[in-house]
Amino acid sequence: MTPATVLVVDDSATKRYLLVSWLTRAGFTVVEAETGGAALTLLGRTEVDLVVLDVKLPDMSGFEVCERIKSDPGYGVLPVIHVSAHAVDVVDRTQGLNRGADAYLVEPIEPDELIATAQAVLRYYRARQRAESLAARMVKLAETTLAINSASTLVGLLQAAADGAYQIFGGPVVVVAETADGDGLAAVATGGIAVVRPWTVEHHETAVGSTVRTEQPSAWNLTEWPEQESVAVASAKLRADRTPAYVAVPSSSQTPGFPVLRQLAQAVAAAVEAQRSYDEEHRIAVTLQRSLLQSRLPDVPGLELAVRYEPAGAQTEVGGDFYELTMLDGRLLVAIGDVAGHSLHAATVMAELRHAVRAYAVEGHPPGAVLELVNRFMRTVLPTESATLCLLTLEPDSGRIRMASAGHLPPLMHVATTGARFINQRGPLLGINASRPEDMEFVIPRGGTLVLYTDGLIERRDSDIDVGLSALAACASEVEPSLDAFCQRLLAQLAGAGEQADDIAVVALRRS
């Protein structure tokens with residue numbers, strides 16, 4: 001350990017010589033000042049650990065010097081020992097202690113007493129500094145852990161971990177973890193926002209839990225480390241079948257036992273595990289959801305068809321949006337619906353409704369009758385469920401459409417000569433015992449486009465649904481030659497670049 005530096009302040013050369021000699025023989029590094037002003041100036045440019053300060057000085061009292069040292073953060077946190085060559089009473093000693101002194105010695109001073117007092121005061125201050133440093137790091141660790149667990153992606157998680165570690169330890173940081181696919185990512189922080197890039201770490205045999213080892217900087221050459229500095233690498237993993245997460249920092253930034261570094265590595269590993277589980281579950285959910293949807297569209301002469309389905313980005317569970325396009329007796333059956341909720345159960349209800357719609361339609365029932373039968377089926381077999389559904393049949397040759405709606409959003413029809421308009425037909429939700437209106441009939445002219453969609457395309461928590469409908473009408477005021485491109489533009493402009501809160505299904509058909 002580097003010897004402590006003591007500043008001796010006394011206007012008596014003889015006294016100063018004695019104090020300096022005693023402290024030097026005890027192993028301290030000693031600097032001197034004759035006046036209070038000189039002492040304050042020296043403290044501004046020299047690293048000092050302890051001040052031994054005479055009470056009586058020619059320019060100001062030692063009490064005043066002590067008070068200024070303690071009140072000015074520019075001098076740092078310094079312990080002060082008062083010494084006095086004069087007999088002092090309780091009032092003087094009390095004043096010195098009340099104005100910041102940590103100890104008060106009265107001459108004649110014994111060398112052993114001075115050394116013992118200096119060592120005791122330094123022990124206390126060093127323990128206090130360690131405690132304050134640890135407390136400050138723990139506060140930053142808590143903030144970093146919150147940021148890590150608030151991240152929605154693995155890249156954001158690693159950035160938050162690296163940025164937080166830089167704030168905690170005050171030096172370059174590397175944080176490494178693997179994606180669910182086994183690809184390594186490293187976040188490097190040297191100040192500013194951490195940079196994330198692919199990187200493969202050589203894994204060591206690591207047990208479940210956290211460990212810290214010291215390595216050479218060459219093994220972590222993603223950043224410049226301080227000269228002649230080793231790297232403290234904390235590794236943590238929560239499961240035996242997982243690879244660890246790593247946090248690498250300069251070794252000199254660590255306290256014995258690496259308590260904060262180990263806790264940070266554990267927090268990173270836990271958050272990475274949660275993120276990887278989320279990614280795996282989301283991938284499985286989307287695969288299941290798509291397997292329940294129609295995979296191939298019918299080829300209908302005179303009609304161009306396009307569909308889009310986008311699962312909610314914020315959900316790991318499958319949703320209840322569905323669509324169906326099937327040729328029956330020379331007519332195209334088109335259905336789009338939305339079962340309430342996001343869960344495996346909602347997806348199961350969706351599959352049952354889709355198959356029920358097809359079964360009743362195959363029997364030759366018109367759309368309204370199909371909805372009535374499906375509603376009866378729901379109220380008998382699924383009495384606690386509800387759903388919206390828009391169902392229509394289209395004759396390709398004439399363009400004649402017969403449509404019924406069960407609480408679903410109105411389709412939008414675009415015709416070049418008249419623009420875009422909604423086809424409104426109201427009807428109660430499926431699952432409700434209420435009378436239903438007659439089917440609506442209309443014709444889609446040649447070149448006309450009909451768009452059916454679920455609420456995820458237009459509904460937003462922070463705005464009224466009419467705002468979303470108006471935005472859809474504006475987006476559909478022009479239709480690309482390719483219906484696929486048209487559907488993609490609707491998703492891009494209406495769903496936006498942010499994370500989706502709900503599933504989106506879009507069905508578009510155009511009569512040529």
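Which residue of β11 does A232 stand opposite? The points below take up that pair together with the sheets around it, and they concern a predicted model.

1. A232 stands opposite V249 in β11. The two strands concerned are β10, covering residues 231-237, and β11, covering residues 245-250, and they pair in the antiparallel sense over six bridges.

2. This pair belongs to an open sheet of six strands, ordered β8-β7-β6-β11-β10-β9, in which the pairing is antiparallel. At the edges stand β8 (195-198) and β9 (209-215), and because each has a single partner strand, one side of each is left without a neighbour in the sheet. From one strand to the next, the twist averages 20°.

3. Helix α6, formed by residues 154-169, packs on that sheet, where it touches β6 (173-178), β7 (184-189), β8 and β11. The direction of α6 makes about 35° with that of β7.

4. A further open sheet has five strands in the order β2-β1-β3-β4-β5, and here the pairing is parallel. Its edge strands, β2 (29-33) and β5 (103-106), each pair on one side only. Neighbouring strands of this sheet are turned by 20° against each other on average, with direction ignored.

5. Within the parallel sheet, strand β4 (residues 80-84) is joined to β5 by four bridges, and S84 has V106 in β5 as its bridge partner. Helix α3 (residues 62-71) packs on the sheet and touches β3 (50-54), β4 and β5, with a direction that makes about 180° with that of β4. Helix α5 (residues 111-150) also packs on the sheet, touching β3, β4 and β5, and its direction makes about 175° with that of β5.

6. Strand β15 (residues 387-394) deserves a separate comment on burial, since eight of its eight residues are buried, that is, each has under 20% relative accessible area. In a regular strand the side chains alternate between the two faces of the sheet. In β15, A387, L389, L391 and T393 point one way, while T388, C390, L392 and L394 point the other way, and all are buried.

7. The partner of β15 is strand β16 (residues 400-406), with antiparallel pairing over five bridges, and L394 stands opposite I401 in β16. The two strands form a hairpin with five residues between them, and in the turn G399 has a positive phi of about 80°.

Technical notes. Residues numbered from 1 in each chain as written. Predicted model: local features only at pLDDT ≥ 70, side-chain atom pairs only at ≥ 80, totals over all residues. Heavy atoms only, no water. Pairing = 2+ DSSP bridges. Axes fitted to C-alpha atoms, helices over the stretch in contact; angles between N-to-C directions. Contact = heavy atoms within 4.5 Å. Buried < 20%, exposed > 50% of the residue type's maximum accessible area, 1.4 Å probe, protein only.
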